[in-house]
Amino acid sequence: TLKNVQSVEVVRRVEKDIADKVSDFISEDKDYAAIITVTEDPKRYYPNGNTLSTVLGLVGSDNQGLEGLEYLYDDYLTGTAGKLVATKTSIGTSMPFSYERQVDPKDGCTVELTVDLKMQAMLESEINNARVEHNVQNRIAGVIMDVNTGEILAMTSKPDFDPNENYVINDELTLEALAAEFEVGSTEYYKAYNEKFAEYKKNKCLEAYEPGSTFKILTTAMTLEQGVAKPNDPFYCAGYLQVANRKIHCYRTIGHGHLTLAEGLQQSCNPVMMTVSARIGQEKFYNYFREFGYLSKTGIDLPGEGETTFWDKDKFGVVDLAVASFGQNFRVSMIHHLTALSAVANNGNLMTPTLE
């Protein structure tokens, strides 16, 4: 028995057909009309399920934005809830005479995204295939951007979630892995389950990572603009390069032998990149890194953009320069890196990535 309460919420957000049945039941028995009330409660519905979920984010029990665009634009999307004004007794029950007035809800603003759903579907399909083919143990992510405008045409992180089902993992590979490691229903199982879901809500495209050999595109762009080497200039890779007191290896430990700058980029040769970066020098390389936008936020309209981790300018030594030339020992976000790469592709214009 509940005491000293005016009302008890039995269930929220039932589907309309169930609510209609309860309303019909109340209308048939006036005694229940005094103690049972059905009220409208808005519910966010995502018709495409998991599609774009780590970008869109999700809402909480009161429709407040918790992640992604839902969080960023919550004030604009929320609108004004409708309400039912009715006469009640001091303990919250209906009065013998009735008065009710329905106040209609007002829609919030509409946010139109740059995302192309066909490209989004293609990207998600390819990302899922790559995850299975290469047995990816961590999450996998991808972005498609228009290099000339900065518009995001597709963005995904997998595994993700269905925002219609808060706190539910619907990825079969994850569920199989959890069941293999923990007893389903145990405390350990649910702890691991909740940790996984918390991870799956995040947009991995915004998290910092080590760019690796993809950064060689930028080192080559610096090289060509500074004129310290031309595409057909000759180089030699012995499988390593001595830099100060360190022997830094190429991934191909037996070496690439004789090759040009263009071939060094094509074959992802570390010694070629270290050689040209030494010609560029620490100061100019650092300045290029800054001008490519890595040391400030991109300005993308998403919350949670990761911070770049790079050397301080006065501590950026020759060995640091060598390993930075092929993208190691520092971290940038995927969206930061793609923005810089787009500047190489569009004649040097650094665009602000955008979703709307």
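Arg131 has a relative accessibility of 9% and therefore counts as buried, a label given to residues under 20% relative accessible area, with exposed meaning over 50% and partly exposed lying in between (1.4 Å probe, protein chains only). This arginine is found in helix H6, residues 117–133; helices here are DSSP runs of H or I with at least four residues, strands are E runs of at least two, and both are numbered from the N terminus. The model is a predicted one, in which local features need pLDDT of at least 70 and side-chain atom pairs count only at pLDDT 80 or more, while totals for chains, interfaces and linings use all residues. Residues are numbered from 1 along each chain as its sequence is written, and side-chain values use heavy atoms, with hydrogens and water left out.

The side chain of Arg131 is joined to that of Asp171 by a polar contact of 2.9 Å. Such a contact is a pair of N or O atoms within 3.5 Å; within protein, one must be able to donate a hydrogen and the other to accept it, and residues adjacent in sequence count only if both atoms are side-chain atoms. Not counting residues up to four places away in sequence, Arg131 touches Val136, Ile140, Pro159, Asp171, Leu173 and Thr174, where contact means heavy atoms within 4.5 Å.

Asp320 is buried yet has no salt bridge, and the nearest side chain of opposite charge, Arg246, is 6.4 Å away. A salt bridge would require a side-chain nitrogen of Lys or Arg within 4 Å of a carboxyl oxygen of Asp or Glu; in assigning charge, Lys and Arg count as positive and Asp and Glu as negative, whereas His and the chain ends are not counted. The side chain of Asp320 does make a polar contact with that of Trp311, at 3.2 Å.

Leaving aside neighbours within four places in sequence, Phe310 is in contact with Phe285, Tyr286, Phe289, Leu295, Phe316, Ala324 and Phe330.

Overall, the protein chain contains 14 helices and ten strands, and 38% of its 356 residues count as buried.
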